[in-house]
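Here's a quick tour for anyone meeting this protein for the first time. Have a look at the model, then follow the notes below.

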Amino acid sequence: GLRHPDGHVRYPDDLVERYCEAGFWRPETLGDLLRTHARRRPARPALVADGRVTDYGELDAAADRLAGRLALLGIAAGDRVVVQLPNCTEFVLVLFAFFRMGAVPVLALPTHRKNEIDQLCRMTGAVGYTIPGRGHEADSGFDYTALAEAVRTDNPGLRHVLLTRTSAGTSGAAAESAPDEAFTLLDGGRHRALPSGGTPPAPARPDPAAVALLLLSGGTTGAAKLIPRTHRDYAYNLRASARLCGLDDRSVYLAALPAAHNFALGCPGVLGTLSAGGTVVLAPDAGPDRAFALIERERVTVSALTPPLLALWLAEAEWTGADLSSLALLQVGGARLGRAAAERVRPGLGCRLQQVFGMAEGLLCFTRPEDPDETVLSTQGRPLSAGDELRVVDAAGREVRPGEVGQLLTRGPYTVRGYYRAPETDATAFTADGYYRTGDLVRITPTGHLVVEGRVKDVINRGGEKVPAAEVEDHLLAHPLVAQVALVGVPDAQLGERSCAFVVPRAGTPGRAELAAFLRARGLAAHKLPDRVELVAALPRTGAGKVDKRALAAPLAAAEPADR
Ligand code: J2J
């Protein structure tokens, strides 16, 4: 059948042949990425986190040892394991261990809470869950252990909870311990070491065509969707991105955005930098204080940000005494970048700007080093690969005339053909000939560059963080005082967009604080809580009877003009 037993939708034979012949796909796995550099230059620094350097040789060997111990624990090829870790050494280590075992990491963001983690466990039948231990170097203060206990209670299939080793009070010892000692097991409220006795079964190298990892989609419908990325398609994604950005073994990439997100993970991000033999510096948050100190100390050459974080960096750069002169390239993407902010990148930070329009489903567009300044300032780039196929269509699915605005459809050598185990969603999210309906409205300039003009999907883009409106609405409808509700994006100077819930009350006057507390108690991540609540007598409807979100947003949009 078209759907592989591991849950991904296969590429048709003719395209497989084309992608292999063109050299996009190679018989490589993500676990292979480290090997070459580890053999050739084992003493080169691979990771820098919390002042601790892990070299290629160490990372490579530790990933193998950790894979062995996880296998002894009973984790096998094909098993799914939810990984929820901040940017830290252990995150990269455990990913490579899973890649080599053929186990499939499900990448949650550190901001996800019970509602999201439960969904991931249910959708994937996960056997394990990996969280930061208390007192970890990147401790955010949130109690992940309590979250894991609650998740385990509701997901009996979750056999193993892995914690990063706690370094509080014993930071010296933890820093010196072998990287594969980086995890402990949470077992009935107690911590236990990973099994180490006996010889672990030698892991069979995974099939390059098999699923390597599951990424979370921003989503358009109520249910979250997972994106199955195979070894060979993601390896191509990394390699081509690294090459386009000119990465090599002298590159130093600062992971400021969450490394669990596609942008910072593989575009080229953490994995692309490692595939090029460079050094990855892991920052537990993207704030300019920490980032600038790391840029100066580690001589960072490249990083990636969303537009709201760029604004923070630009503001801080006017005051900072930090030496940012090593920084050569700054990628900005995830949400629309305003012209004014784009113009300030070179004078303010002393580096080149690259606009990135990407999606975890696949397609990546980048501006190029050789593009004229005007193109870099005013477009979201052009597709990464010669194998990317793009169509811009109207509401009826007909291709628009060149230069006109329409919905972007795409397929190609690193764009998925379907979501993970979601045939009903696939029926509308993909065309019959395998194009992904991005939900983004774009136009293509005469030079082939894309300009993002809006979207048709019901998602609020909160400065790069995606809020699926229907999911939040479903939760709000469970509140006793809410009769009807529509979550709408309204323009915002800092985030580009914020969420506003228009509520028709059943009784009383449900306010923002009360509704936010209600959603938080239901386990929703903070970025999904409405920024604002407006009580209304009725929701405007379109002719077809659907809520007219445009009419709702219009008066609020007029109050805050967007930066174009
Ligand atoms: C406007 N909207 C954008 C941009 C993404 C690199 C960069 C971003 C993502 C990402 C990513 C945009 N201008 N420059 O995975 O590898 C919106 C679009 C898109 C959606 C995808 C990467 N860049 N967007 O943001 O899967 O609406 O990926 O469809 O989180 O973000 O969201 P996501």
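What covers the buried residues of helix 12? The cover includes helix 11 (288-298), strand 13 (302-305), strand 14, helix 13 and strand 25. Before going further, a word on the ground rules. You're looking at a predicted model, where local features need pLDDT of at least 70 and side-chain atom pairs count only at pLDDT 80 or more, while totals for chains, interfaces and linings use all residues. Residues are numbered from 1 along each chain as its sequence is written.

**Helix 12 and its cover**

- Helix 12 spans residues 307-317, and its buried residues are Pro307, Pro308, Leu309, Leu310, Ala311 and Trp313.
- Here a residue is buried if 20 or more other C-beta atoms lie within 10 Å of its own, exposed if 12 or fewer, and partly exposed in between, with C-beta atoms placed from the backbone.
- Helices (H or I, at least four residues) and strands (E, at least two) are DSSP runs, numbered from the N terminus.

- Nine strands line up as 2-1-12-11-13-14-15-16-17 in an open sheet with mixed pairing. Strand 2 (52-55) and strand 17 (382-383) are at the edges with a single partner strand each, so one side of each has no neighbour in the sheet.
- Two strands count as paired if DSSP finds at least two bridges between them.
- Strand 11 (residues 252-255) and strand 12 (residues 279-282) run parallel and share four bridges. Within that pair, leucine 254 has valine 281 of strand 12 as its bridge partner.
- Helix 4 (residues 89-101) lies across strand 1 (45-49), strand 2 and strand 12, at about 135° to strand 1. Helix 13 (residues 339-349) also packs on the sheet, touching strand 14 (329-333) and strand 15 (352-359), and its direction makes about 135° with that of strand 15.
- For these angles, axes are lines fitted to C-alpha atoms, for helices over the stretch in contact, and values run from 0 to 180 degrees between N-to-C directions.

**Around the ligand**

- The ligand is surrounded by 23 residues, and the closest are Asn262, Phe263, Gly333, Gly358 and Ala360. A residue is near the molecule if its C-beta atom, placed from the backbone, lies within 6 Å of it.
- Which strand gives the largest share of the shell around the ligand? Strand 15 does, with five residues.
- Helix 9 (262-266), strand 15, strand 20 (436-444) and strand 21 (450-455) each supply at least two shell residues.
- By type, the shell has nine nonpolar, ten polar and four charged residues. Ala, Val, Leu, Ile, Met, Phe, Trp, Tyr, Cys and Pro count as nonpolar, Asp, Glu, Lys and Arg as charged, and the others, Gly among them, as polar.

- Strand 24 (residues 482-492) pairs with strand 25 in the antiparallel sense over ten bridges, and the two form a hairpin with three residues between them. Valine 482 sits opposite proline 505 of strand 25.
- On the other pairing, strand 25 and strand 26 (residues 532-535) run parallel, joined by four bridges. There, valine 503 stands opposite leucine 535, and cysteine 500 stands opposite arginine 532.
- Strand 25 (residues 496-505) is mostly covered, with eight of its ten residues buried.

**Two domains**

- The protein is divided into domain 1 (50-207) and domain 2 (459-559), with bounds that come from an automatic or database domain assignment.
- Their centres, taken over C-alpha atoms, are 36 Å apart.
- Six residues of domain 1 are in contact with six residues of domain 2, where contact means C-beta atoms, placed from the backbone, within 7 Å. The domain 1 side that touches domain 2 has no nonpolar, three polar and three charged residues.

- Histidine 191 lies in strand 8 (residues 190-193). Is histidine 191 buried or partly exposed? Histidine 191 is partly exposed, because 13 other C-beta atoms lie within 10 Å.
- Apart from neighbours within four places in sequence, histidine 191 is in contact with Leu163, Thr184 and Leu186.

Technical notes:
Two residues are in contact if their C-beta atoms, placed from the backbone, lie within 7 Å.
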